[in-house]
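Hello,

I am passing on a structure for you to look at. The sequence and coordinates come first, and my notes on them follow.

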Amino acid sequence: MPVMKTSALSLKFLRPFVRSGGWTYKVRQGVAAGMIRKGGLGFIPKPLSPEEKFLLGLDWKGQTIYDIGGYEGVFTLFFSKSIGPAGQVFTFEPNPVNCRKIRENIQLNGLTNVRLLQMGLGASKGKSKLVFWPDEPARGTTTGDYQKSLQLQKKSDSIEIEIDSLDNQILANQLPPPDFIKIDVEAAELEVLAGMSQTLKMHRPRLFIEIHSGVNVKRLVEDLIEKGYRLLHVESKTTINPANTQNAYNGHLYCVHHKYLGHE
């Protein structure tokens, strides 16, 4: 049997154990390299993704970062390490399974500049159903069409979660304004952005958005451009405008308000 095929089969059987948090190790590559992690596949050598290369090239010192959709906290670890003691990270994650892993990873690294909030973000305050795959909880969504897609592919679980807008959370908890917001919310991007309209207007944070299938990308692009943002598709290094939104249907958008262009 070819080596590549053998490795793929080995990973298939290892994945449930590793994702369950079966052991603790030092991450050897990627944005969280050098940090301690429990679970996940960060011990397997692989090249940096365009997303990781891009983020590693930015200046983070002393900044306030909002990590919306924290999953198991790999990017939370990266942000915490990169901003230093003068910065802060606020991680939002609604799935309790993922939150447990983020807490463990925060504790393992002795991080004091991270605050974890177990909740989802959206357009307004309320409750919602989160549908996710129990063996792959990164794939969890509150949007109807994406929920149906997950349920059709394989066995899924669902739980009721708390939802609030980022604007409300900042006001209610007296959170500091963000300098940078990472958004990875499995097709709920428009709702999350709608719930931070005042934050975008007043503070103009940089945005890093993972685009998922089922999102109206044209509307997302037009809304952000109307708010004064300039959009870069990270993977293709293409500037996105209303005429070429099809180029942004996969990958990540890095968004900077025009007043801060040249000062990233």
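**Notes on the model**

With a relative accessibility of 0%, Cys255 counts as buried. Cys99, also at 0% relative accessibility, counts as buried too. The structure contains zero disulfides. As a reminder, a disulfide is a covalent bond between the sulfur atoms of two cysteines.

Please keep in mind that this is a predicted model. The mean pLDDT of the chain is 87, and 83% of the residues score at least 70. In residues 1–7 the pLDDT is below 50, and beyond near neighbours in sequence this stretch makes two contacts in the model. Where pLDDT is low, the predicted coordinates should not be read in detail.

**The sheet**

An open sheet is formed by eight strands, with mixed pairing and the order β5-β4-β3-β10-β11-β14-β12-β13.

Strands β4 (residues 88–92) and β5 run parallel and are joined by four bridges. Val89 stands opposite Val114 of β5. Helix α4 (residues 96–108) packs on the sheet here, touching β4 and β5, and its direction makes about 165° with that of β5.

Strand β12 is joined to β14 by five bridges, and the two run antiparallel. Three bridges join β12 to β13, and this pair is antiparallel as well. How do these pairings look at His233? In β14, the residue opposite His233 is Leu253, while in β13 its bridge partner is Thr238. The hairpin of β12 and β13 has four residues between the strands, and in it Lys237 takes a positive phi near 60°. As for the two faces of β12, Tyr229, Leu231 and His233 make up the covered one, whereas Arg230 and Leu232 are on the uncovered one.

**Helix α9**

Helix α9 (residues 217–226) packs on the sheet and touches β11 (206–211), β12 (229–233), β13 and β14 (251–257); its direction makes about 140° with that of β12. Which residues of α9 are buried? They are Val217, Leu220, Val221 and Leu224. Seen down the axis of α9, these buried residues fall within an arc of 95°, so they line one face of the helix. Their cover includes the helices α7 (189–194) and α8 (197–203), along with β11, β12, β13 and β14. After α9 comes Gly228, with a positive phi near 100°.

**Helix α6**

In helix α6 (residues 166–173), the buried residues are Leu166, Asp167, Gln169 and Ile170. Around the axis they cover an arc of only 165°, which puts them on the same side of α6. What does the face turned away from the buried side of α6 carry? The exposed residues there are Leu171 and Ala172. Gln174 follows α6 and has a positive phi, near 50°.

Regards

Methods. Residues are numbered from 1 along each chain as its sequence is written. This is a predicted model: local features need pLDDT of at least 70, side-chain atom pairs count only at pLDDT 80 or more; totals for chains, interfaces and linings use all residues. Side-chain values use heavy atoms; hydrogens and water are left out. Two strands pair if DSSP finds at least two bridges between them. Contact means heavy atoms within 4.5 Å. Axes are lines fitted to C-alpha atoms, for helices over the stretch in contact, and angles run from 0 to 180 degrees between N-to-C directions. Buried means under 20% relative accessible area, exposed over 50%, partly exposed in between (1.4 Å probe, protein chains only). The arc is that of the directions from the helix axis to the C-beta atoms. A disulfide is a pair of cysteine sulfur atoms within 2.5 Å. pLDDT is the predictor's confidence in each residue, from 0 to 100.
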